[in-house]
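Work through the exercises below with the sequence and the structure side by side. Try each task before reading its solution.

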Amino acid sequence: MATELEITATVELCRADGRLDPAAVGWTRRPLHRTGLRGWGRSKRWEYWAVMTPRHVIALTVADLDYAAQHQVWVLDRATSGDVDTVAVVPLGRGVQLPASLGDGPAVARARGLDIRIEDVAGGTRLRARTPRVEVDVVAASPEGHESLGVVVPWSDRRFQYTVKDVARPASGSLTVDGVRHTLPDGASWAVLDHGRGRWPYRMRWNWGAGSGVVDGHVVGVQVGGAWTDGTGSTENALLVDGRLHKNSDDLVWEYDRTDWLAPWHVHDADRARVDLTFTPFHERAARTDLLIVAGETHQCFGTWSGAMTDDAGRRIRVDGVEGWAEEAHNRW
């Protein structure tokens with residue numbers, strides 16, 4: 001298990017020449033990195049929010065990849081397995097607004113057939129989106145003392161990523177699909193943020209898993225990752241219990257069947273002492289992009305976590321019944 005530095009004061013991600021500042025490498029319990037990127041062509045900026053309710057899954061993406069913006073509004077009806085998917089790819093990122101650092105302002109995407117606005121409000125973050133068939137108006141609450149995982153992943157001083165994974169945010173509001181309005185059930189709806197700012201290698205593969213829910217009267221969040229962080233000395237693994245973050249620095253083992261994505265996934269540390277999780281999917285969302293130079297393939301499975309993670313005191317915390325997702329992604333971008 002690696003030893004990672006906890007950063008407790010504001011820090012710049014980049015030096016004046018655009019390279020990674022070594023002082024920025026570490027992890028945080030709240031956003032402290034200033035992430036104004038310098039340079040063009042390899043910079044990637046995005047806000048991804050996913051909201052799970054007993055009836056629906058909602059995903060909003062606002063992304064600027066320098067040479068193009070890619071935005072998405074996706075809704076899954078868990079009762080029917082039917083989905084509504086609206087994607088916009090905009091050359092050179094026209095119509096996109098992303099703050100340099102998390103919390104500096106709204107994220108906005110305007111494209112043909114799609115509008116998204118994500119902005120901080122009193123007590124949380126408001127997520128709004130509109131497409132010809134879908135309207136989203138959701139607030140992801142940020143309870144007092146709620147912590148999130150921020151991590152800098154250093155491939156080199158020229159290639160690096162800052163990510164914030166913010167799980168178990170209570171969600172409220174409404175979703176309208178084809179004119180039918182659905183109110184998100186209080187206490188059973190959860191939002192998760194993936195915030196990213198960095199300068200990436202051309203090819204990359206990653207695993208990501210997240211989950212949120214209530215177990216034995218406690219709000220529990222699961223955050224695990226792999227592949228893209230292996231060998232960097234940084235990980236994006238953590239357990240959240242009642243808003244308190246418990247960091248895990250193991251490079252985790254991900255075991256799953258690429259011929260059957262709906263078979264159970266297993267995520268664990270080398271000896272299963274600190275992380276021993278099983279993920280049981282109920283739905284696979286597959287996405288493929290091939291624009292010659294730019295290409296990608298993602299298998300994102302939604303389902304239920306079980307097993308345990310260890311907190312800072314060494315106690316094994318059960319996560320049985322926490323809902324979320326696990327994914328594998330390959331990008332050439």
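**Exercise 1: the surroundings of a glycine**

G150 is buried, with a relative accessibility of 1%, where buried stands for under 20% relative accessible area, exposed for over 50%, and partly exposed for what lies in between (1.4 Å probe, protein chains only). This is a predicted model, in which local features need pLDDT of at least 70 and side-chain atom pairs count only at pLDDT 80 or more, while totals for chains, interfaces and linings use all residues. Residues are numbered from 1 along each chain as its sequence is written, and side-chain values use heavy atoms, with hydrogens and water left out.

Task: find the strand in which G150 is found, and then list its contacts.

Solution. Begin with the secondary structure, where G150 belongs to strand β13, residues 149-154; strands (E, at least two residues) and helices (H or I, at least four) are DSSP runs numbered from the N terminus. Next, setting aside neighbours within four places in sequence, G150 contacts G26, W27, T28, Y162, T163 and V164, a contact being heavy atoms within 4.5 Å. Finally, the C-alpha atoms of G150 and E236 are 8.0 Å apart, although 86 residues separate the two along the chain.

**Exercise 2: the nonpolar cores**

Task: determine which residues touch the most other members of the largest nonpolar core.

Solution. A nonpolar core is a set of buried Ala, Val, Leu, Ile, Met, Phe, Trp, Tyr and Cys residues joined through side-chain atoms within 4.5 Å. The largest one has 32 residues, and W200, W206, W208, W325 and W333 touch the most other members. Apart from this core lies another of 31 residues, including L98, A111, V134 and L175. Returning to W208, its contacts beyond four places in sequence include Y48, K165, W254 and W325, and E236 is also one of them.

**Exercise 3: the whole chain**

Task: describe the secondary structure and the overall dimensions of the protein chain.

Solution. First, the protein chain has 26 strands and zero helices. Second, its C-alpha trace spans about 50 × 50 × 45 Å along the principal axes. Third, the radius of gyration, taken over C-alpha atoms, is compared with a globule rule of 2.2 Å times the number of residues to the power 0.38; for 333 residues a compact globule would have a value near 20 Å, and the 19 Å of the protein chain agrees with this. Last, 57% of the 333 residues count as buried.
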